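Subject: Handover of a structure

Dear colleague,

I am passing on to you the structure shown below. Please keep it open while you read the notes that come after it.

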Amino acid sequence: MVASITNLGRSGLYDWVIQRLTAVILAVYTLFLLGFVIAHPDLQYSDWQQLFACTAMKVASLLAIISMCAHGWVGMWTIATDYIKPTGIRFLFLLVTAAFVFVYLVWGIDILWGA
Amino acid sequence: MNSNRPKNLDLTTIELPLPAKASILHRISGFALFFAVAFMLTALNASLESAESFAALKATFDNGLVKLITWLILSALGYHLVAGIKHLVLDAGIGESKEGGRVGAIITLIGGAIVIALAGVWVW
């Protein structure tokens, strides 16, 4: 087995499971939001604000953001290791990816709990 | 197998089979979505900050460029979701044969096209 220090779960099997688990979470969250928007054709601020004021929705949204970060990392890692052969450039690409993930996570928490 | 036989791995001269097309689109849409999250969080932030910022965000959707970006993001999301579901179906052991792979790719591409068209109707 090739040793790797940059993949999320330290092994391909963990990554495989993480990718699918987070995919299901993201799919359910996306379809729920789609359903909510379809159910409110003329969406008003009050409806939207009330939805996100609900603790269950905040927790679900945070779960979705964490899932997106993990899912994105595994996906970008796969792309990087498939196409970027020079180690330095691949490392830089993954560093930028990690920076995005970190910003998304902090920004997401701030949006959900900041106001 | 004779390892010295000639190889052609020049992607510009290879006609990708349908499953390969469906697969690379899944990858490209995922790559694009990773950066599109920045737009999504910007919109989520504006939608929740205040009634004024919510109204301002709603007003920006009158802009043609904003509509186009929204449609592109929804298209990438829709296709990635459909292709992802196909992946989970494959994981369940359904459609693993060569012919199954072709049928799965056709269903994914048609399903993706339908979702992209619906997103377009919704945006415009």
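The notes below take each chain in turn and then the contact between them.

Please bear in mind throughout that this is a predicted model.

Chain A

Chain A has four helices and zero strands, and from the N terminus on its elements run α-α-α-α. The radius of gyration of chain A is 17 Å, whereas the globule rule gives 13 Å for 115 residues; chain A is therefore more spread out than a compact globule. Along the principal axes, the C-alpha trace of chain A spans about 50 × 25 × 20 Å.

An unreviewed UniProt entry places the annotation "transmembrane region" on residues 21-39, 59-79 and 91-113 of chain A. In the model, residues 21-39 of chain A are 100% helix and 0% strand, with 27 Å between the end C-alpha atoms. Residues 59-79 of chain A are likewise 100% helix and 0% strand, and their end C-alpha atoms are 30 Å apart.

Within this chain, the axes of H1(A) and H3(A) come within 9 Å and cross at roughly 140 degrees. That angle makes H1(A) oblique to H3(A), and the crossing of the two helices is left-handed. On the side of H1(A), the residues that meet H3(A) include Asp15(A), Ile18(A), Leu26(A) and Tyr29(A). Among the residues that H3(A) brings to this contact are Ala60(A), Leu63(A), His71(A) and Val74(A). By class, the contact of H1(A) with H3(A) has eleven nonpolar, four polar and one charged residues.

Chain B

Chain B also holds four helices and zero strands, in the pattern α-α-α-α along the sequence. Its radius of gyration is 19 Å, while a compact globule of 124 residues would have one near 14 Å. The C-alpha atoms of chain B fill a box of roughly 70 × 30 × 25 Å along the principal axes.

For chain B, the "transmembrane region" annotation in UniProt, again from an unreviewed entry, covers residues 28-48, 68-89 and 101-123. Residues 28-48 of chain B are 100% helix and 0% strand in the model, and the end C-alpha atoms of that span lie 30 Å apart. Residues 101-123 of chain B are 100% helix and 0% strand, with end C-alpha atoms 32 Å apart.

Helix H1 (residues 18-49) and helix H4 (residues 98-123) of chain B have axes that come within 8 Å and cross at roughly 45 degrees. H1(B) and H4(B) are therefore oblique to each other, and H1(B) passes H4(B) in a left-handed crossing. From H1(B), the residues in this contact are Leu18(B), Pro19(B), Lys21(B) and Ala22(B). They meet Gly101(B), Arg102(B), Ala105(B), Ile106(B), Thr108(B) and Leu109(B) in H4(B). The residues of this contact divide into six nonpolar, two polar and two charged.

Between the chains

How many residues of chain A are in contact with chain B? There are 19 residues of chain A in contact with 18 residues of chain B. Helix H1 (12-39), helix H2 (45-53), helix H3 (55-83) and helix H4 (87-114) of chain A each supply at least two residues of the side that touches chain B. By class, that side of chain A has 13 nonpolar, five polar and one charged residues.

With kind regards

Technical notes: Residues are numbered from 1 along each chain as its sequence is written. Chains are lettered from A and ligands numbered from 1 in the order in which they are written. This is a predicted model: local features need pLDDT of at least 70, side-chain atom pairs count only at pLDDT 80 or more; totals for chains, interfaces and linings use all residues. Axes are lines fitted to C-alpha atoms, for helices over the stretch in contact, and angles run from 0 to 180 degrees between N-to-C directions. Angles under 35 degrees count as roughly parallel, over 145 as roughly antiparallel, 65 to 115 as roughly perpendicular and the rest as oblique. A crossing is left-handed if the near helix is turned anticlockwise from the far one by less than a right angle, and right-handed if clockwise. Two residues are in contact if their C-beta atoms, placed from the backbone, lie within 7 Å. Ala, Val, Leu, Ile, Met, Phe, Trp, Tyr, Cys and Pro count as nonpolar, Asp, Glu, Lys and Arg as charged, and the others, Gly among them, as polar. UniProt positions are given in the numbering used here, feature names are shortened, and annotations may be inferred rather than shown by experiment. The radius of gyration is taken over C-alpha atoms; the globule rule is 2.2 Å times the number of residues to the power 0.38.
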